[in-house]
Amino acid sequence: MNKTGGLINVVDVEATCWEGVPPPGAVNEIIEIGLTVVDLDEGVRLEKHRILVRPARSTVSAFCTELTGLTQEEVDGGLEFREACRVLAAQHGAGERPWASWGDYDRNQFTRQCAATGTTYPFGLRHTNAKAVFTDAHRLRRRPGMAQALRVAGLPLEGRHHSGEDDAWNIAALVLGLAKRGSWPDA
């Protein structure tokens, strides 16, 4: 058991996006942080969280709403990015617990956005790319998207795909499957 009691945070973010190139001056910004707390020792998903984030340099496009279900009006009621990062650290142990995401996009988006806004990076250094672990464990030639990985693992897609909250929950199920088969690092 690790010093965090076998708990890890599984994180999935949704960001502003456009069909084609972004409008002039707009950048991808996190608009939703989904987080599921997983107890690897007990083999269960404990908590499901959603933090809406108000973008500062872009808006939610019609394409983004169609993909994520999020509207500009919803994210206007969210936290500023800096405050969302403080919440991750203070309420979800982001700096202490290991964390995982499906691929490196989420980690890279946090790194870019923290650098661009002068915000302290909320996570510790122990990140696991669950997509890479899944690909190796299942001896796949190509890294699958989350929905495809769920099919490979024989698991249902729960909730809405491209909802950060639901995707984190589904990725957590994949992580638990990997841990059960002894393929998760430190499992």
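Author: Arginine 86 and glutamate 83 pair in a salt bridge, with their closest N and O atoms 2.9 Å apart. The term salt bridge is used for a side-chain nitrogen of Lys or Arg within 4 Å of a carboxyl oxygen of Asp or Glu. Side chains of opposite charge can pair when their charged atoms come close. Because arginine 86 and glutamate 83 are three residues apart in helix H3, about one helical turn separates them. Helices here are DSSP runs of H or I with at least four residues, strands are runs of E with at least two, and both are numbered from the N terminus.

This is a predicted model, where local features need pLDDT of at least 70 and side-chain atom pairs count only at pLDDT 80 or more, while totals for chains, interfaces and linings use all residues. Residues are numbered from 1 along each chain as its sequence is written, and side-chain values use heavy atoms, leaving out hydrogens and water.

Now for the surroundings of our pair. Arginine 86 has 46% relative accessibility and glutamate 83 has 31%, so each counts as partly exposed, between buried (under 20% relative accessible area) and exposed (over 50%), using a 1.4 Å probe and protein chains only.

The structure holds six salt bridges. Among them, arginine 54 meets glutamate 80 at 3.7 Å, N to O. That pair links distant parts of the chain, 26 residues apart: arginine 54 lies in the loop between strand S3 (44-52) and helix H1 (62-68), and glutamate 80 in the loop between helix H2 (72-76) and helix H3 (81-92).
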